[in-house]
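Q: Please take a close look at one part of this model with me. I would like to hear about its aromatic rings and what surrounds them.

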Amino acid sequence: MTLSTPTPDTPRLKQDLSNHHAAPAGKTVRHDWTRREIEDLFALPFNDLIFQAQQVHRQWFSPNEVQKSTLLSIKTGGCPENCGYCSQSAHFKTGVKATKLMSVENVAEEARKARDAGASRYCMGAAWRNPHDRDMDNLCAMIKEVRALGMETCMTLGMLTGEQARRFADAGLDYYNHNIDSSPEYYDSVVTTRTYQERLDTLDEVREAGIRVCCGGIVGMGESRADRAGMIHTLATLPEHPESVPVNLLMQVDGTPLGDRGDDLDPFEFVRTIAVSRITMPASVVRLSAGRSNMNDEAQALCFLAGANSIFIGEKLLTTENPEQDHDNTLFRRLGLEAMSPA
């Protein structure tokens, strides 16, 4: 299926898979959001926006449950893409050394450690433009090993062909992550080696194969509020929303084009992005992803109040820092949060 490049207020993908959470009685999921409506949500007084997001969150999820996930880099560095935020791009000198694909046994052992530390979801990422066919057997074996541990599985490996997506589906992959990064208008300011349409094409292949979609973006890259609204609009007007929506805060990495911006996104603006994601995609798990190591506990608490209900635990998110597990456990106790069980 060939999809046109997205424009405001235009549906983008044919999708068949139902949302992970059934709609509560009398509640429906909208797919006809306009850019103006989403921008108006961003412009609400902060208290009004958070109140609305919390009301929506409670209609679809337990308000005090947050999923703990772990993300492992199964193949680090040497990526041919030029994503301006990424430490693993071969285009930039960041000090990250390229490695080979990890063995199935080592991935399974790391997954076991993550499960024992409280993670119910395991994500595996490789610094590729796309997986090589020669690696497919090992990748499928990794999926099966992690699923055997009773964990949700997710992979992020770059673009996929339809055949590759079907093989992953047959292996039991629960989610495939492929972020759109930003709005259609701002995207070319971040990456030029892969088009917005190519990202949407991969999401289409994932849907066609029957795998749940994990798709979000990154904020704090110099984009405007209108771009943040545009990113959410792209996702919220899909015929089926991504069941998983990671919202990342830019981690400035020395050596990358976005590594010396010198300014940080207003924390309240980040919380607004979480809240608008929750309101427009009520059945999706909204993931408070990269950037938590640069947030204080109060900012994270506001994100949970705004509807974020997943975090990544572990000392690393691929190659960037993440809060220590003891700190996360303490924060959960302080806020009365509990870990979500696997779906």
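Among contacts in the protein chain between residues at least 6 apart in sequence, what percentage join residues at least 24 apart? And how many aromatic pairs does the structure hold?

A: Happy to look with you! This is a predicted model, in which local features need pLDDT of at least 70, side-chain atom pairs count only at pLDDT 80 or more, and totals for chains, interfaces and linings use all residues. Residues are numbered from 1 along each chain as its sequence is written, and side-chain values use heavy atoms, leaving out hydrogens and water.

To your first question: 77% of those contacts join residues at least 24 apart, a contact being heavy atoms within 4.5 Å.

As for the rings, there are three aromatic pairs (Phe, Tyr or Trp, with its six-membered ring, centres within 6.5 Å; planes under 30 degrees apart are stacked, over 60 edge-to-face, the rest tilted). One of them joins tyrosine 187 and tyrosine 196 edge-to-face, at 5.2 Å centre to centre and 75 degrees between the planes. Both tyrosine 187 and tyrosine 196 are buried (under 20% relative accessible area with a 1.4 Å probe, protein chains only; exposed is over 50%, partly exposed in between).

Phenylalanine 304 and phenylalanine 332 are edge-to-face too, because their planes meet at 80 degrees with centres 6.3 Å apart. Since phenylalanine 304 lies in helix α9 (residues 297-305) and phenylalanine 332 in helix α10 (residues 325-335), the pair ties together parts 28 residues apart in sequence; helices are DSSP runs (H or I, at least four residues), numbered from the N terminus. Phenylalanine 304 and phenylalanine 332 are both buried.

Phenylalanine 332 also has lysine 68 over its face, 4.8 Å from the ring centre (NZ of Lys or CZ of Arg within 6 Å of the centre and within 35 degrees of the ring normal).

How values were computed
Helices (H or I, at least four residues) and strands (E, at least two) are DSSP runs, numbered from the N terminus.
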